[in-house]
Amino acid sequence: MASTRKRLEALTAGLSLPEPALPSAPAAGPAAAMPPALPGAASAVETRFPPAQTGQFAPRTGPGQMLAFRGQMQAVEGELATLRERLRHYDGSTPTRKLDPSVIRASRWANRHPASFENAEFAGLKADIEQAGGNVQPILVRALTHEPGHYELVFGHRRHRACLDLGIPVLAAIWVDELGDAELFAAMDRENRERADLSPYEQGVMYQRALEEQLFPTQRQMAEKLGVSHTWVRKALIVAQLPPAVVECFRSPLEIQYRHAEQLNAALDKDRRSVLKRAEKVRGQKLLPAMVVARLLGSESGAKPQKIAIQSEGKAVGSCVRAVDGSVTLTLLPSTVAGPPSESLVKAIAEVLHKVQLLG
């Protein structure tokens, strides 16, 4: 400690602190505010350390100020280390902010069919967002370099549409790094597959458009880029490649399932003319999907009723039967209807009806 004090005294020899100005002393202009020059100095500005601390107990000597300044620096370095540790937890994160949905436009690779914004599922999503005052799960956007202040959707088209309809800001994560079309397409596809809320028809149309516009040269390269099997891409494309006359037989393209497309595609390969001829009679009848497929295949006589058990709280409480003509019959056990329907029973019935719709 003594050696350190001596070195500091040697380094700061000749330095002095300015005397505090008397309260009654009048200001003499800018020049008077300058401290007196050191003896023999060529400049009129005194070289001295800035006050390390203020207050009644500030050090009065050069070594004291140096030690105080060193203490302040150590405190600042400690605070910076704490802040760096906090920031480390946000490494790789994407900033989010509330945006006006009108400044966000759909991607050219948008995969939502207009019917996706007209069904009960979208209405439920919209009601949830309205009740919450906004979307809890953020959408993902990328900035448009040629349109400052505007963005392009990567994924979250239904959440964006709901906020747009409601006239409220949409919570969005903004992609800050470079994001090309192929990367945008892959991110959109991955999010939709993880959420499992994209219909087979929408999935197939999305893949078909990417191939037609040469975003990916081949189906194989598309599958490798998206990290999916070639079989998955082929199944999706079969749905999108059904003839318009066949697609129009369904109440909505969103009802077409992969198994429907495979059956119809096999029939088209075998006797395309007969299938299209049957489609002229089926179109516009608003039949359930299973009935549409049966009539297009000419095999509705072989169709069988479908029966699904209804279970509530792990117990069988009834059954649901859908006839060949599409009518649905619910049968509940007497003990189930003895009192007011429970919340679990209502939920079980809703799940079975949804399953019946998917099986159609």
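**Exercise 1. Determine which residues of H9 are buried, and what they pack against.**

Step 1: The buried residues in H9 are Val233, Ala236, Leu237, Ile238 and Val239, where buried means under 20% relative accessible area, exposed over 50% and partly exposed in between, with a 1.4 Å probe and protein chains only. Helices (H or I, at least four residues) and strands (E, at least two) are DSSP runs, numbered from the N terminus.

Step 2: These buried residues of H9 pack against helix H7 (200-212), H8 and helix H11 (258-282), and contact here means heavy atoms within 4.5 Å.

Step 3: This is a predicted model, in which local features need pLDDT of at least 70 and side-chain atom pairs count only at pLDDT 80 or more, while totals for chains, interfaces and linings use all residues. Residues are numbered from 1 along each chain as its sequence is written, and side-chain values use heavy atoms, with hydrogens and water left out.

**Exercise 2. Describe how H8 and H9 pack, and which residues meet.**

Step 1: Two packed helices are described by the angle between their axes and the distance between the axes. For helix H8 (residues 219-226) and helix H9 (residues 230-240), the angle is about 115 degrees and the axes are 9 Å apart; axes are lines fitted to C-alpha atoms, for helices over the stretch in contact, and angles run from 0 to 180 degrees between N-to-C directions.

Step 2: The crossing of H8 past H9 is right-handed; a crossing is left-handed if the near helix is turned anticlockwise from the far one by less than a right angle, and right-handed if clockwise.

Step 3: From H8, the residues Gln219, Arg220, Met222, Ala223 and Glu224 meet His230, Val233, Arg234 and Leu237 of H9. The contact of H8 with H9 divides into four nonpolar, two polar and three charged residues, with Ala, Val, Leu, Ile, Met, Phe, Trp, Tyr, Cys and Pro counted as nonpolar, Asp, Glu, Lys and Arg as charged, and the others, Gly among them, as polar.

**Exercise 3. Is serine 312 buried or exposed, and what is joined to its side chain?**

Step 1: Serine 312 is part of strand E6 (residues 306-312), and it counts as buried because its relative accessibility is 9%.

Step 2: The side chains of serine 312 and serine 344 are joined by a polar contact of 3.2 Å; a polar contact is a pair of N or O atoms within 3.5 Å, of which, within protein, one must be able to donate a hydrogen and the other to accept it, and residues adjacent in sequence count only if both atoms are side-chain atoms.

Step 3: Apart from neighbours within four places in sequence, serine 312 is in contact with Val317, Ser344, Leu345 and Ala348.

**Exercise 4. What is the phi of glutamine 214, and what is that of glutamate 313?**

Step 1: Most residues other than glycine have a negative phi.

Step 2: Glutamine 214, in the loop between H7 and H8, has a positive phi near 60 degrees, and it is exposed, with a relative accessible area of 56%.

Step 3: Glutamate 313, in the loop between E6 and strand E7 (315-322), has a positive phi of about 55 degrees, and it counts as exposed at 70% relative accessibility.

**Exercise 5. Where does pLDDT stay under 50?**

Step 1: The mean pLDDT of the chain is 79, and 76% of its residues reach 70 or more; pLDDT is the predictor's confidence in each residue, from 0 to 100.

Step 2: Residues 24-47 stay under 50 in pLDDT, and the model has 10 contacts for them beyond four places in sequence. Among the elements of the chain, helix H2 (residues 30-33) has the lowest mean pLDDT, 43, whereas helix H10 (residues 244-247) has the highest, 95.

Step 3: Where pLDDT is low, the predicted coordinates should not be read in detail.
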